[in-house]
Amino acid sequence: MEFINSHILSITTFVPLLTAIAVLLSPALSIARWVSMGGSIVAFLASLHIWFYFDAQTAGLQFTEMHEWIPSFGIRYIMGVDGLNLLLIMLTTFLTPLILLSVWHLDDKKQKAFLSLFMTLECGMLGSLVAFDLVFFYVFWEAMLIPMYFIIGLWGGKNRIYATTKFIIYTFVGSLLMLAAMIVLYVLHFQQTGVYTTNLLDLYGTSAEYSTQMWLFAAFALAFAIKVPMFPFHTWLPDAHTEAPTSGSVILAGVLLKLGTYGLVRFAIPLFPQATATFAPVMVALGVIGIIYGALTAWMQKDAKKMVAYSSVSHLGFVVIGSVAVISGGAALSAEALTGAVYQQINHGISTGALFFLVGCIYDRRHTRMLADFGGIAKVMPWFAVMLIVATLSSVGLPGTGGFVGEFLILLGTFLSSPLAGATAALGVLLGAVYMLTLCRKILFGPLENEENKTLEDLTPREFAYLTPLAILAVVMGVFPNLFLDKVRPSIENLANNFRNYKIVAEAPLESNQLLGADHKEMGH
Amino acid sequence: MNFNIPSLTAEFYLTTSPVLILCFGALVAMLAGVSRRLGGELVIYSVLLLSLVGALAAAVAASPGVETAYLSGSYLAGVLSRFGQVLILLVSLIVTLLFKATFLRDRFFRGEIASLFLMVITGMLITVASEDLVTLFVGLELSSIGLYALVGYLNPSRRSQEGAIKYFVLGSFAAALLLFGFALLYVSTGSLRLTEVSQAVPKLLGHNWVKLGVVFSLAGISFKLALAPFHLWAPDAYESAPTGLTALMATTVKAMVIILAARFFAGSLASVYEVWLPALMFVAAISMILGNIMALVQSSLKRMLAYSSIAHSGYMAIAICASSANSGSLPVAAVLYYLVGYTIVSLGAFSILMWLENKDNDNLLLDDISGLSKTHPWAAFGLAVCMFSFAGMPPTVGFIGKFFVFNSALINHLTGLVLIGVIGSSISLFYYLRVIVRMYMADPIQLPTQLAPKPSLLVAVVIGATVIANLALGTVLPEAAMKWMVETSKEVAAAPGSAEDSQSVSH
C-alpha cells in the first residue's frame with residue numbers, strides 16, 4: 001500500500017504505455033482488445049485511488065514523486081496532483097475505456113496499431129497533466145503529438161493528411177517557442193539563485209523584468225492558445241475534427257484541447273503574473289471573440305461534426321475567459337470564474353465527447369453527417385434521441401446539467417471584472433442554445449422523409465454501454481457540483497488569491513531534496 | 001619554433017597505434033589486391049574488419065587519461081581524441097559491415113578500394129587527434145582526397161563521376177582556403193601549434209593578417225562542414241555517392257570537422273571570439289534557413305538528407321558560437337551530444353536506404369518509399385523513428401540534443417540564433433513528415449524494380465541498435481552520456497591555459 005501510494009501517479013501514467021507495448025505484442029486482435037481495455041481500466045482504477053485518497057482540505061501538491069533524470073541540468077522526474085489537474089486526470093482515464101469500447105467492433109488489419117497508439121496517447125496526456133518539471137512536461141506534451149498524428153492520418157477521412165499535418169505543425173511551432181522560453185526562464189532562475197532547475201515549484205518564484213516577462217508569457221501563451229485553440233489560432237481544429245475518426249475527435253475534444261487551458265492556468269498565468277495582468281484584456285477579448293465567432297460559424301454548418309467542432313471553439317472561449325478574467329485589471333477578484341473554468345473543462349469533455357460519439361453513431365449507420373440527410377430520426381431511434389438531447393442540453397448549459405454550473409460561475413466571475421465581456425459572453429450562451437437546438441431539431445424532428453432513415457437501427461447495447469456513463473455524469477455534475485468542486489476549491493482559491501506570489505507547497509520529501517542538484521539518488525520515497 | 005627530434009618511445013607507438021594499424025591495413029589490402037589468389041572478397045573483407053577492429057581496440061585501450069602531445073602537437077592523445085577516434089572507427093566498422101550486404105559488395109571489397117577506404121579513415125583519425133596546423137591539413141586532405149576518389153570509383157556510373165568531380169573541385173577550393181588561412185596564421189604568429197597560436201593571437205589582433213587567417217580558416221572549415229553558403233557541393237556529392245559513402249560523409253566527416261572546429265574555435269581562438277563569432281553566427285543562421293527550405297522541395301531522399309544535414313550543421317554551429325564567451329565546457333559538451341545523436345540517427349536512416357536499394361535503383365525517391373509501411377513495415381518504422389528524431393521530437397535523442405544546444409546558446413545570450421533554430425526546426429518538421437506521410441498514408445506505387453525484400457540479419461541488427469540507442473539517449477541515458485561529454489570536452493575548454501603543461505609533456 002505504501003508503494004502504491006507513493007507511486008500512484010507513475011502507475012497511472014505508465015500503465016497505458018506498458019499496455020501499448022503489450023497490445024503490439026499480442027498475437028491476435030481479439031486479445032489486443034482485451035489487453036487494451038484491461039490496461040485502460042487499471043489506469044482508471046488507479047486514478048480512482050487518487051480521487052478517494054485525495055485530501056480536499058489542502059491546496060498543496062499531493063502524491064508527489066521525484067526522481068533525478070538529468071541532474072547535471074537540474075531536470076527531474078516530478079509528478080504531483082492538486083485541484084487543478086485532479087479532475088482532468090479523472091476525465092482522461094474515464095474517457096479512454098469508453099472510447100476503446102466504441103471501437104470494439106472495428107477489425108481492419110491496422111486496428112492493433114490503433115489500440116497501441118491510443119494507449120500511448122493516454123500516457124502522453126496523463127504525463128503532461130501530472131508533470132511538475134518543465135522539461136519533463138515538455139517531453140510528454142510533444143510526444144503526445146506523434147500518436148495523435150497517426151490516429152488522424154491513418155484512420156481519418158478524405159482530407160486526413162492535410163488535416164493531420166496542419167494539426168502537428170501548428171502545435172509543434174507553438175511548442176518550440178515555448179521550449180525556448182522555458183530555457184530562458186531556467187537561465188533567469190539560475191542568475192537569481194545560482195541553482196539550475198526546471199522544477200516548476202521553484203520556478204514560480206522567479207522574477208523577470210517586465211519586458212522579458214512579456215516575451216516569455218507570449219511564447220507560453222501562444223503554445224497553449226494554439227492547443228486550446230483560441231481565436232485566431234483555431235483553424236487547425238475544424239479540419240482535424242472533421243477528418244479524425246470518431247474516437248480521435250472524442251479524445252481531441254475531451255482531453256487534448258483541455259491541455260491548452262490547463263497549461264494557461266498551470267504555467268503561463270502563475271509564472272508570469274505581471275504579464276498576465278497586462279495581457280488579460282487581450283486574452284479575454286480573444287476569448288469572447290472566439291465564443292461569438294465559434295457560435296456563429298457553428299450555426300452555419302451543414303455538417304453535424306463540423307458544427308460540434310466549432311461549438312468547441314465557442315465553449316473553450318468560456319474556459320479561457322474564466323481562467324483569465326479573475327486577473328484582468330491587475331487584481332485578483334474572485335475565484336468563481338476560475339472554478340467555473342476548471343469545472344467547464346470537464347463538462348465540455350463529457351458533453352462534447354458524447355456529441356461526437358452520437359454523430360459517430362449515425363455516421364456509422366448512414367455514412368453521412370450532413371444535417372440535410374436526416375430528420376425525424378427520433379421516431380426510429382428513440383434512445384438515440386434521448387441521448388442526443390441529454391448531451392445537447394448539457395452542452396448548452398441547461399440548469400440541472402454540469403454545463404450550467406460551469407458557465408454560470410464563469411459568467412459571474414467575468415461580469416464582476418468586466419461587465420462588457422460578461423454580457424457579450426452571455427450572448428454566446430444564447431447563440432449556443434440556438435445552434436445546438438438547431439442540430440437536435442434537424443436530426444431528430446420534422447418529417448421522416450428519407451427512405452434510408454426509416455430502417456435505422458436504434459442504439460446497440462455496446463453503444464448504450466459507452467453513452468450511458470456520459471449521460472449520467474452530465475446530470476450528476478449538474479445536480480451535485482459540490483461532489484467535484486469541494487475537492488478542487490482550495491487549489492483554485494490559492495491560485496486566484498495569490499497569483500502574484502503563487503506557491504504550491506508539496507509534500508515533505510520533495511522540498512527537502514530541492515537543492516541537491518547533482519545527487520544521483522532516487523528521491524521522493 | 002623549435003625542431004625537436006621526437007622521442008619515438010614504445011609509449012608513442014602505443015598511443016598512435018590506431019593510426020598505425022589502419023596504415024598497415026591499407027598497405028596489406030593494397031598488396032593483397034594485386035595478387036590474384038589473395039585478392040578475393042573474403043580476404044579483403046577480413047583485412048578491413050581486422051584493421052578496423054584492431055584500431056578500435058587500440059583507440060579504446062591506448063589513450064591516456066591526461067591530454068598528451070607528441071611530435072610538437074602533431075599528435076594529441078587524450079579523451080577528446082579518443083572520443084573522436086572511437087566514434088569514427090565504430091561508424092566505419094558499421095559501414096563496412098553494411099557494404100557486405102549491398103549490391104556493391106563485389107566492388108567494395110577489392111584491394112584498391114579497401115585501401116583507399118582505410119586511408120580515408122586514417123586521415124580522419126589524424127585530424128581529430130592533432131593540434132598542428134600542417135598535420136591537421138594533411139589529415140583533412142588525406143580523408144577528403146580518398147573520398148573524392150571513392151565516390152567516383154566505387155560505382156563508376158556517369159552520375160557518380162559527375163558528383164565526384166564536383167566534390168573534388170569544390171573540395172579542393174575549400175582546401176585552398178583553409179591552407180591559406182593556416183598560412184596566414186603561421187605568418188603572423190610564427191607557430192603552427194594551435195596552443196601557441198592561441199597565446200599569440202590576442203596580442204596581434206591589430207594585424208589584419210591574423211583576422212584574415214581566422215576568417216579564411218573559418219571559411220575552409222565551413223566548407224568541410226557543408227555550412228551555407230559553402231554548402232553547394234553537399235547535395236550533389238550526397239546524391240551521387242553510393243549510399244554507404246554518403247553515410248560516411250554525413251557521420252564521420254561531420255564528426256571529424258566538428259571536433260576540429262571545437263578545438264579551433266571553442267578551444268584555441270575562444271579568447272578572440274569577436275573576430276570569428278559574427279561570421280560563424282551568420283553562417284549558422286544561413287545554414288539553418290537555407291538547408292531547411294531547400295530540403296522542402298527535394299524528391300530524392302538522399303538529396304533531402306543532404307540539405308537536412310546542412311541545417312543540422314547549422315544547429316551544431318550554434319553551440320560552437322555559444323562556446324565563445326567564458327562558458328566553460330558546456331557548449332562543447334552539447335555539440336558533442338548533438339553530434340553523437342545525429343550520427344546515430346543518420347546511420348539508422350542511411351542503413352535503411354542501403355537495405356532497400358538495388359543495382360537499378362540506388363537513389364531512392366519519395367515515390368519509391370510510397371506505402372513502405374505495407375511492404376516493409378520494419379523499414380518504415382525505423383525510418384519514421386529517424387525522421388521524428390531528426391525533427392527533434394521527444395522522446396528521441398534529437399530532442400535532448402536540441403535542448404542541450406539551445407540551452408547552451410541561451411545561457412550565452414544567443415537568443416536570435418535560437419529563434420532562427422526554432423523557425424528552422426518548424427520548417428524541417430514539414431519535410432520529415434512528408435517521408436512519414438508517404439510511407440504510412442499512401443499506397444505503394446508500381447515500381448519498375450522492386451525494393452529489396454528482407455534485410456540480412458546484420459542490417460536488421462544495425463538498424464535495431466540505432467533505434468534503441470536513439471530512444472535510450474532520448475529517455476534514460478541523457479545524464480550518463482552528458483556527463484561523459486562534459487568530461488570529454490573539458491580538454492577543449494582548458495586548452496589555452498594548459499599550453500605549457502602539454503608542451504612539457506611532449507619532449
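His367(A) is found in the loop between α14 (336-366) and α15 (377-380) of chain A, where helices (H or I, at least four residues) and strands (E, at least two) are DSSP runs numbered from the N terminus. Phi of this histidine, His367(A), is near 55 degrees, a positive value in a residue other than glycine. Most residues other than glycine have a negative phi, and most peptide bonds are trans.

The model described here is predicted, and local features need pLDDT of at least 70, side-chain atom pairs count only at pLDDT 80 or more, and totals for chains, interfaces and linings use all residues. Residues are numbered from 1 along each chain as its sequence is written, while chains are lettered from A and ligands numbered from 1 in the order in which they are written.

Chain A as a whole has a secondary structure of 21 helices and 2 strands. Its radius of gyration is 22 Å, close to the 24 Å that the globule rule gives for 525 residues, so chain A is as compact as a globular protein of that length; the radius is taken over C-alpha atoms, and the rule is 2.2 Å times the number of residues to the power 0.38. Along its principal axes, the C-alpha trace of chain A spans about 75 × 60 × 40 Å, and 62% of its 525 residues count as buried. Of the contacts in chain A with a separation of 6 or more, 81% are between residues 24 or more positions apart, a contact being a pair of residues whose C-beta atoms, placed from the backbone, lie within 7 Å.

Strand β2 (residues 75-81) of chain A is mostly covered, as 6 of its 7 residues are buried.

Another covered element is helix α10(A), in which 8 of its 8 residues are buried. These buried residues include Trp236(A), Leu237(A) and Pro238(A), and what covers the buried residues of α10(A) includes α6, α7, α11 (246-271) and α13 (304-325) of chain A. In the loop between α9 (210-227) and α10 (236-243) of chain A lies Pro232(A), and the peptide bond to this proline from Phe231(A) is cis, with omega near 0 degrees. Further along chain A, helix α17 (residues 402-417) holds Phe408(A), which counts as partly exposed with 18 C-beta neighbours inside 10 Å. The C-alpha atoms of Phe408(A) and Ala426(A), which are 18 residues apart along the chain, are separated by 9.3 Å.

Where chain A and chain B meet, the contact takes 23 residues from chain A and 24 residues from chain B. On the side of chain A that touches chain B, β1 (62-70), α5 (134-143), α6 (145-155) and α7 (160-193) each supply at least two residues, and the largest share, 12 residues, comes from α7(A). By class, this side of chain A has 19 nonpolar, 3 polar and 1 charged residues, where Ala, Val, Leu, Ile, Met, Phe, Trp, Tyr, Cys and Pro count as nonpolar, Asp, Glu, Lys and Arg as charged, and the others, Gly among them, as polar.

In chain B, the axes of helix α8 (residues 158-189) and helix α11 (residues 233-240) come within 8 Å and cross at roughly 145 degrees; axes are lines fitted to C-alpha atoms, for helices over the stretch in contact, and angles run from 0 to 180 degrees between N-to-C directions. The contact of α8(B) with α11(B) has 4 nonpolar, 4 polar and 5 charged residues. Pro229(B) lies in the loop between α10 (208-225) and α11 of chain B, and the peptide bond from Ala228(B) to Pro229(B) is cis, with omega near 0 degrees. In the loop between α18 (397-411) and α19 (415-441) of chain B is His413(B), whose phi is near 65 degrees, a positive value in a residue other than glycine. His413(B) is partly exposed, with 13 other C-beta atoms within 10 Å.

Methods: Contact = placed C-beta atoms within 7 Å. Buried ≥ 20, exposed ≤ 12 C-beta atoms within 10 Å, placed from the backbone.
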